[in-house]
Amino acid sequence: MPLGKLRPPWRHGPLRRGTDVAQSWLVLATGVLIAVAAPTAGVVAGSVVDAAAHRQSADWQPVSAVVTKEPAARVNVDSGTGTGSRVQTTVRWTAADHSVRTGETVVATGVHVGDHTTVWLDRSGKLVRDPGTPTDSLAESVVAGTVVASGTGLLLYGAEKAGVRLLNRRRYAQWEKEWAELDTRWPHPQQ
């Protein structure tokens, strides 16, 4: 139903059927839900992503490591500043239990074998990526919130369209029935 033809559901008229009233209520309820539920879902999703990122990075700890393998060529752009590049290499560090460990991680460009660098370990002592900056965390939260809000809005809109389609099927069935009843009352000319 185009918005120009939308009538308040509480107004009645002699030609207004029950399916018309139901459709008006459905459109009104969907509009309210999209206006309220979609942004709420987006804010909740963004908050959850932000809290998860903070919890995760709070468990990480920095450790000094030594580069043991000459880094390869540049891999990607550093998400923190967007300007520096990062390279993958093998590093060696001493764990909390005083055992020496090695692993592959991404470090800043310009490091060579024997250089010291900072790597990040999770609670179990495994190498993890560098923790994101507050700007990274904010960007991830905004993206997650936007996607969830858009998805919720589209889901509600799709549900409304499916409901209108069901109401139209019922309306057409009613019309067929009424036309069939009228058709039996009128005389038909002989052919």
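How many helices and strands does the secondary structure of the protein come to? It comes to 2 helices and 6 strands, where helices (H or I, at least four residues) and strands (E, at least two) are DSSP runs, numbered from the N terminus. Along the sequence these elements follow the pattern α-β-β-β-β-β-β-α.

This is a predicted model, in which local features need pLDDT of at least 70 and side-chain atom pairs count only at pLDDT 80 or more, while totals for chains, interfaces and linings use all residues. Residues are numbered from 1 along each chain as its sequence is written, and side-chain values use heavy atoms, with hydrogens and water left out.

**Overall figures**

The protein has 191 residues, of which 26% count as buried; buried means under 20% relative accessible area, exposed over 50%, and partly exposed in between (1.4 Å probe, protein chains only). Among contacts (heavy atoms within 4.5 Å) with a separation of 6 or more, 56% are accounted for by residues 24 or more positions apart.

Tyr 172, Trp 175, Trp 179, Leu 182 and Trp 186 make a nonpolar surface patch of about 600 Å². Patches are made of residues with over 30% relative accessible area and no salt bridge, like charges being joined within 9 Å and nonpolar side chains (Val, Leu, Ile, Met, Phe, Trp, Tyr) within 5 Å; a salt bridge is a side-chain nitrogen of Lys or Arg within 4 Å of a carboxyl oxygen of Asp or Glu. Trp 179 lies in helix 2 (residues 134–185).

| Residue | Relative accessible area | Class |
|---|---|---|
| Tyr 172 | 47% | partly exposed |
| Trp 175 | 34% | partly exposed |
| Trp 179 | 55% | exposed |

A search of the whole structure finds 1 aromatic pair. Tyr 172 and Trp 175 form this tilted pair, at 5.5 Å centre to centre and with 45° between the planes; rings of Phe, Tyr and Trp (its six-membered ring) pair if their centres lie within 6.5 Å, and planes under 30 degrees apart count as stacked, over 60 as edge-to-face and the rest as tilted. Because Tyr 172 and Trp 175 are 3 residues apart in helix 2, about one helical turn separates them.

**Asp 20 in helix 1**

Asp 20 belongs to helix 1 (residues 18–58), and its relative accessibility is 19%, so Asp 20 counts as buried. Apart from neighbours within four places in sequence, Asp 20 is in contact with Leu 15 and Arg 171.

Key. Accessible areas come from the Shrake-Rupley method with a 1.4 Å probe; for residues, only the protein chains shown count as cover.
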